[in-house]
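Have the viewer open while you read.

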Amino acid sequence: MSSDTLAKVPTVPELPEPADAPRIVPQRRYGQWAAAVAVLVALGLAVNSVVRNKAFQWDVVADYFTSDSVLRGLWLTLWLTAVVMVLGFALGTLLAAFRLSANPVLRAVSWGYVWLFRSIPILVQLLLWFNIGALYPQVFGVRTVDLLSPVAVAVVGLTLHEAAYAAEVVRGGILSVDRGQIEAAHALGLSRWRRWWRIVLPQAMRSIVPPAGNMLIGTLKGTSIVSVIAVNDLLFSAQLIYHRTYQVIPLLMVATLWYAVVTSLLGVGQYYVEKRYARGTESAR
């Protein structure tokens, strides 16, 4: 193209920016900043009162925090939590399968179990199991008192209670899986076991893991209730010490701090497990 042709091509004139163009000013949120400052001030005052209050006796807390009796109680608490969660979810998965079964008897039994154990407070259940010898003095020729120790009562009572909630968690996770996924796997000729293991379970875990993690943390804290039946858990260990030394507040703070540490670690683990099962979803990006 020649220079004369280029000279004839019309050019678009640049429009001058208006001198009075409005300037965008971010919205000032004075109320939010004032609320944030007030919350920080209140939090600082609360922390200061806790740290400087001599009634907490932080030196006593430090002395007993890693004592042998407290650590033994902590170990029993962790063991009890793990056993109850494993057994509770095993029984809960079975109950969920019953609830999703086409058999009306199995569905009724599962529904009745969940209704019963969610209706009775856990403390009442533990006390009933602890005094089961009054109803059945002997089981298979063995005295019930000798058969069910306080730890065994705690395992049985907590497991039956947790299974009712685990059943609903598992059932909800299975129902969250698209029915078309199961039908497609069936069309591909996959066996029933492979359909559940390879198709249903990985997708159901996205809905099961968050409430299961909350149940784990709740079970850890809920084990403190077994102290009423003289199970030597973390709280009962602290109680034994302050019944002897009369240092109630420091020993309760020892138990509180250990519960806070363990629940925080479980919360971190729950975050990474949820992140793993959420891969490929919108929330994971």
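1. Helix 4 passes helix 8 in a right-handed crossing (right-handed means the near helix is turned clockwise from the far one by less than a right angle, left-handed anticlockwise). Helices here are DSSP runs of H or I with at least four residues, numbered from the N terminus. By class, 19 nonpolar, 4 polar and 4 charged residues make up the contact of helix 4 with helix 8; Ala, Val, Leu, Ile, Met, Phe, Trp, Tyr, Cys and Pro count as nonpolar, Asp, Glu, Lys and Arg as charged, and the others, Gly among them, as polar.

2. This is a predicted model, where local features need pLDDT of at least 70, side-chain atom pairs count only at pLDDT 80 or more, and totals for chains, interfaces and linings use all residues. Residues are numbered from 1 along each chain as its sequence is written, and side-chain values use heavy atoms, leaving out hydrogens and water.

3. Back to the geometry: the axes of helix 4 (residues 68-99) and helix 8 (residues 150-175) come within 6 Å and cross at roughly 45°. That makes helix 4 oblique to helix 8 (under 35 degrees is roughly parallel, over 145 roughly antiparallel, 65 to 115 roughly perpendicular, the rest oblique). Axes are lines fitted to C-alpha atoms over the stretch in contact, with angles from 0 to 180 degrees between N-to-C directions.

4. Which side chains meet in a salt bridge? Glu168 and Arg99 do, at 3.2 Å, N to O. The partners, Glu168 in helix 8 and Arg99 in helix 4, are 69 residues apart. The cut-off is a Lys or Arg side-chain nitrogen within 4 Å of an Asp or Glu carboxyl oxygen, and the count comes to 2 salt bridges.

5. Helix 4 also packs with helix 12 (residues 248-277), at about 40° with the axes 12 Å apart. The two are therefore oblique to each other, and the crossing is right-handed.

6. For helix 9 (residues 179-187) and helix 10 (residues 192-222), the axes come within 10 Å and cross at roughly 160°, so these helices are roughly antiparallel. Helix 9 passes helix 10 in a right-handed crossing.

7. Last, the surface: Leu40, Leu43, Val47, Val50, Val51, Trp58 and Leu257 make a nonpolar patch of about 590 Å². Helix 2 (residues 30-52) gives the most, with 5 residues. Patch members have over 30% relative accessible area and no salt bridge, with nonpolar side chains (Val, Leu, Ile, Met, Phe, Trp, Tyr) joined within 5 Å; areas are Shrake-Rupley with a 1.4 Å probe.

Key: Patches are made of residues with over 30% relative accessible area and no salt bridge: like charges are joined within 9 Å, nonpolar side chains (Val, Leu, Ile, Met, Phe, Trp, Tyr) within 5 Å.
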